[in-house]
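Please look over the sequence and the model before reading on.

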Amino acid sequence: MGRSVTYPSGAIVAFTVLEVEPEDDWEFEYEWLREDLRERAGRAFPSLIPHDGWRGREDRILMRNAYADFGVSVYGGLVAVWIVERDDSAYWDADWRTARSPRAQRWLSQIASRFDAVFGDYDCLGHMSNGEGVYAKRAA
């Protein structure tokens, strides 16, 4: 599969697809995907709580905890599920007082392999010269 999808810089990312049949409602399928991701993330990482927001214009935040934003980005059916250190003013104000960033980086490194196992269905094999990614479905 060759496509590209954006996600926040520095994020831990897992890839999957949103398959929508021509007769299906894209908005319904996207809402179902978001709810499914929230449910799985809440079970896998109980410190995450629901949060509705955006990082930039394309990366949707679904949940967050004291250290990280968990979200989703979709382009042409390719889905990037990501988790990344928070980047909002309240986080950096708190970091100034109690240095959260090193703890956030440690927590993210500890959950990286579990995150990939829970959310990843495809591996990114690399990128072509035009920036488009090449993805392969993982063996079951």
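Which residues do ring pairs link into a cluster? In this predicted model, the cluster consists of F45, F70, W107, F115 and F119.

**Aromatic pairs**

- Nine aromatic pairs turn up when the whole structure is searched.
- One of them joins F45 and W107 in an edge-to-face arrangement, with 6.3 Å from centre to centre and 75 degrees between the planes.
- Because F45 sits in the loop between α1 and β3 (49-55) and W107 sits in helix α3, this pair ties together parts 62 residues apart in sequence.
- F45 and W107 are both buried.
- For F70 and F115, the ring centres are 6.1 Å apart and the planes stand at 75 degrees, so this pair is edge-to-face too.
- F70 belongs to strand β5 and F115 to helix α3, so their pair ties together parts that are 45 residues apart in sequence.
- F70 has 0% relative accessibility and therefore counts as buried.
- F115 is likewise buried, its relative accessible area being 0%.
- The face of F45 also has a charged neighbour: R114 lies over it, 5.5 Å from the ring centre.

**Nonpolar cores**

- In soluble globular proteins, nonpolar side chains tend to be buried together.
- The largest nonpolar core here has 23 residues, and the members that touch the most others are L37, F70, I83, F115 and F119.
- At least two residues of this core come from each of β2 (12-17), α1 (26-44), β4 (59-64), β5 (68-75), β6 (78-85) and α3.
- Leaving aside residues up to four places away in sequence, L37 touches L62, F70, V72, V81 and F119.

**Helix α3**

- Helix α3 spans residues 101-119 and has a kink of about 45 degrees centred on A112.
- Its buried residues include S101, A104, W107, L108, I111, F115 and F119.
- Of these, W107, F115 and F119 belong to the aromatic cluster.
- F115 and F119 are also among the residues that touch the most other members of the largest core.

Notes: Residues numbered from 1 in each chain as written. Predicted model: local features only at pLDDT ≥ 70, side-chain atom pairs only at ≥ 80, totals over all residues. Heavy atoms only, no water. Bend = angle between axes of the 7 residues up to and from the residue. Helix = DSSP H or I, 4+ residues; strand = E, 2+ residues; numbered from the N terminus. Buried < 20%, exposed > 50% of the residue type's maximum accessible area, 1.4 Å probe, protein only. Core = buried A, V, L, I, M, F, W, Y, C linked by side-chain atoms within 4.5 Å. Contact = heavy atoms within 4.5 Å. Phe/Tyr/Trp six-rings, centres within 6.5 Å; stacked < 30°, edge-to-face > 60°. Lys NZ or Arg CZ within 6 Å of the ring centre and 35° of its normal.
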